[in-house]
Amino acid sequence: MRHGSWWAFLLHRLSGVALAVFLPFHFFVLGLAVERAALNDVLDWADNLWVKLAEAGLVVLLALHLTGGVRVLLLEFGRWSDRQQSRIALAGGLALLAGFGFLAAAFA
């Protein structure tokens, strides 16, 4: 199995690509806000379980990309330490925790 840093690198890149693919859909929905009836239809659709799960996935992607970016900054400007593997695992755990927290709030 590859080193944890490689997986952190891969997750950071893939989350960035996934967020870039998501953006056109996001702007489309924002454009629907101009027409109140269309926006109400989208908001009704967004109340679907699968959409809420996808939103939680989006929060995880955002958190992964944020923590991956912080990791890259620390690598560029900080010192390498033996605890780097633990920090990578902590960042991934925090990203998942953010997604689950969003999901819990969505169903509360």
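## Helices and the model

Helices are DSSP runs of H or I with at least four residues, numbered from the N terminus. By that rule, Lys 52 lies in helix H3. The model is predicted.

Helix H3 covers residues 49-77, and helix H4 covers residues 84-106. Two other helices matter here: H1 (4-32) and H2 (36-45).

## Helix H3

H3 has 29 residues. From its first C-alpha to its last, H3 reaches 42 Å. That is close to the 42 Å expected at 1.5 Å a residue.

The buried residues of H3 are Val 51, Lys 52, Ala 56, Leu 58, Val 59, Val 60, Ala 63, Leu 64, Thr 67, Gly 68 and Arg 71. Their cover includes H1, H2 and H4. An α-helix has 3.6 residues a turn, so residues three or four places apart point the same way.

## Helix H4

H4 has 23 residues and reaches 33 Å from its first C-alpha to its last. The expected value, at 1.5 Å a residue, is close to this: 33 Å.

Buried in H4 are Gln 84, Ile 88, Ala 91, Ala 95, Gly 99 and Leu 103. These buried residues pack against H1 and H3.

## Where H3 meets H4

The axes of H3 and H4 come within 8 Å. They cross at roughly 155 degrees. Angles over 145 degrees count as roughly antiparallel, and H3 and H4 are therefore roughly antiparallel to each other. Their crossing is right-handed.

On the H3 side, the contact is made by Lys 52, Leu 53, Glu 55, Ala 56, Val 59, Val 60, Ala 63, Leu 64, Thr 67, Arg 71 and Leu 75. H4 brings Gln 84, Ile 88, Ala 91, Gly 92, Ala 95, Leu 96, Ala 98, Gly 99, Phe 102, Leu 103 and Ala 106. By class, the contact of H3 with H4 has 15 nonpolar, four polar and three charged residues.

Ala 56 lies in H3. Its relative accessibility is 7%, so Ala 56 counts as buried. Beyond its neighbours within four places in sequence, Ala 56 is in contact with Gly 99, Phe 102 and Leu 103. Ala 56 and Gly 99 are 43 residues apart along the chain. Their C-alpha atoms are separated by 4.9 Å.

Lys 52 also belongs to H3. It counts as buried because its relative accessibility is 13%, and the cut-off for buried is under 20%. Leaving aside neighbours within four places in sequence, Lys 52 is in contact with Ala 46, Asp 47, Phe 102, Leu 103, Ala 106 and Phe 107.

## Where H1 meets H3

H1 and H3 have axes 8 Å apart. They pack at an angle of about 130 degrees. H1 and H3 are therefore oblique to each other. H1 passes H3 in a left-handed crossing.

From H1, the residues in contact are Ser 5, Ala 8, Phe 9, Leu 11, His 12, Ser 15, Gly 16, Ala 18, Leu 19 and Phe 22. They meet Leu 58, Leu 61, Leu 62, Leu 64, His 65, Gly 68, Gly 69 and Arg 71 in H3. The residues of this contact divide into 10 nonpolar, seven polar and one charged.

Trp 7 is found in H1. With 37% relative accessibility, Trp 7 counts as partly exposed. Trp 7 and Ile 88 are 81 residues apart in sequence. In space, they are 9.1 Å apart, C-alpha to C-alpha.

Gln 85 lies in H4. Gln 85 is partly exposed, with a relative accessible area of 38%. Leaving aside neighbours within four places in sequence, Gln 85 is in contact with His 3, Gly 4 and Ser 5. Gln 85 and Asp 47 are 38 residues apart in sequence. Their C-alpha atoms are 38 Å apart in space.

How values were computed
Residues numbered from 1 in each chain as written. Predicted model: local features only at pLDDT ≥ 70, side-chain atom pairs only at ≥ 80, totals over all residues. Heavy atoms only, no water. Axes fitted to C-alpha atoms, helices over the stretch in contact; angles between N-to-C directions. Parallel < 35°, antiparallel > 145°, perpendicular 65-115°, else oblique. Left-handed = near helix turned anticlockwise from the far one by under 90°. Contact = heavy atoms within 4.5 Å. Nonpolar A, V, L, I, M, F, W, Y, C, P; charged D, E, K, R; others polar. Expected span 1.5 Å × (residues − 1). Buried < 20%, exposed > 50% of the residue type's maximum accessible area, 1.4 Å probe, protein only.
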